[in-house]
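Subject: Structure handover

Hello,

Here is the structure you asked about. My notes on it follow below.

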Amino acid sequence: MRYGILLMGAPYSSQAAHSALRFARAVAGRGHRLEAVFFYHEGVHNAARLAAPPQDEPHLVDGWAALSADHGVPLQVCIAAALRRGLLDEREAARHGKQGHSVEPPFELTGLGQLVDLGLRCDRLVTFGP
Amino acid sequence: MLLHILNRSPATSEVYRQALAAMGPDDRLLLIEDGVQGALKGLVGRFGDVRGRLLALEEDLAARGLEPLCDDSVVRVDVEGFVTLTEEARKTVSWF
């Protein structure tokens, strides 16, 4: 089956990100195709390149990157939700005259249309809210 | 059959009422995160008609040390079982 995940919770604020990552690993582990994880609302903070949690705690940003590397899962971040929260990739940082950037691959800034497309393409879209 | 997913405790949020109102006769309700508090003997009564179709995520019960307090009528599933439930359901609806 083709799965999609919609994550709307920020890391360390609620359990949503942990739940979503655990579910994503289980989905991929069962041989399903995880078409994408879409980060929306506060969920965009999962893409924060500079996140540096204590070493004895789960590193969610790295966890998502590892999921993407292991299973080829696109990590799509809503660009409108991201920009207003200070989450910019190199291109957007340059465009807005900002020094430094806070989002890097495998996370990609995309439009909300990608979420609509994900919902249409997938057999199952599972939402994890805050 | 739809799978409804609830992550709020019925002791602190009323959203479970909306979930119950939206459920069809064959739908299932999976309690996750703080929602697993609804599986406790003292709170499970809030889900009256759903007995037998009420499930709780094992990992979230264990993380809170609530396994011994879980009511026998609640079906426990681990995250693999969670995936299976989504396979069996036509769609999922998350309540938060």
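I begin with the sheet of chain B, where five strands form an open sheet in the order 4-3-2-1-5, with parallel pairing. Please keep in mind throughout that this is a predicted model. The edges of the chain B sheet are taken by strand 4 (75-77) and strand 5 of chain B, each of which pairs on one side only. On average, neighbouring strands of this sheet are turned by 25° against each other, direction ignored.

Strand 1 (residues 2-6) of chain B runs parallel to strand 5 of chain B, and five bridges join the two.

Now chain A. It has five helices and five strands, and along the sequence they follow the pattern β-α-β-α-β-α-α-β-α-β. The radius of gyration of chain A is 14 Å, close to the 14 Å that the globule rule gives for 130 residues, so chain A is as compact as a globular protein of that length. The C-alpha trace of chain A spans about 45 × 35 × 25 Å along its principal axes. Of the 130 residues in chain A, 44% count as buried. Among the contacts in chain A with a separation of 6 or more, 74% come from residues 24 or more positions apart.

The strands of chain A form an open sheet of five with the order 4-3-2-1-5, and the pairing is parallel. Strand 4 (107-110) and strand 5 (124-128) of chain A stand at the edges with a single partner strand each, so one side of each has no neighbour in the sheet. In this sheet, too, neighbouring strands are turned by 25° against each other on average, direction ignored.

Strand 1 (residues 2-7) of chain A pairs with strand 5 of chain A in the parallel sense, over five bridges. Within that pairing, A:Ile5 stands opposite A:Val126 of strand 5 of chain A. Helix 1 (residues 16-29) of chain A lies across strand 1, strand 2 (33-39) and strand 5 of chain A, and it runs at about 170° to strand 1 of chain A.

What does A:Ile5 touch once its neighbours within four places in sequence are left aside? Its contacts are A:Ala20, A:Phe23, A:Ala24, A:Val37, A:Val126 and A:Phe128.

Next, the interface. Here 12 residues of chain B are in contact with 14 residues of chain A. On the side of chain B that touches chain A, the elements giving two or more residues are helix 3 (79-88) and strand 5 (91-95) of chain B. Helix 3 of chain B gives the most to that side, with six residues. Sorted by class, the side of chain B that touches chain A has five nonpolar, four polar and three charged residues.

- A:Pro105 and A:Pro106 are joined by a cis peptide bond, with omega about 10°. A:Pro106 lies in the loop between helix 4 (90-95) and strand 4 of chain A.
- A:Tyr12 has a phi near 70°, a positive value in a residue other than glycine. A:Tyr12 sits in the loop between strand 1 and helix 1 of chain A. With 14 other C-beta atoms within 10 Å, A:Tyr12 is partly exposed.
- A:His41 has a phi near 50°, again a positive value in a residue other than glycine. The loop between strand 2 and helix 2 (60-71) of chain A is where A:His41 is found. A:His41 is partly exposed, with 16 other C-beta atoms within 10 Å.

Regards

Technical notes. Residues are numbered from 1 along each chain as its sequence is written. Chains are lettered from A and ligands numbered from 1 in the order in which they are written. This is a predicted model: local features need pLDDT of at least 70, side-chain atom pairs count only at pLDDT 80 or more; totals for chains, interfaces and linings use all residues. Two strands pair if DSSP finds at least two bridges between them. Helices (H or I, at least four residues) and strands (E, at least two) are DSSP runs, numbered from the N terminus. Axes are lines fitted to C-alpha atoms, for helices over the stretch in contact, and angles run from 0 to 180 degrees between N-to-C directions. Two residues are in contact if their C-beta atoms, placed from the backbone, lie within 7 Å. Ala, Val, Leu, Ile, Met, Phe, Trp, Tyr, Cys and Pro count as nonpolar, Asp, Glu, Lys and Arg as charged, and the others, Gly among them, as polar. The radius of gyration is taken over C-alpha atoms; the globule rule is 2.2 Å times the number of residues to the power 0.38. A residue is buried if 20 or more other C-beta atoms lie within 10 Å of its own, exposed if 12 or fewer, and partly exposed in between; C-beta atoms are placed from the backbone.
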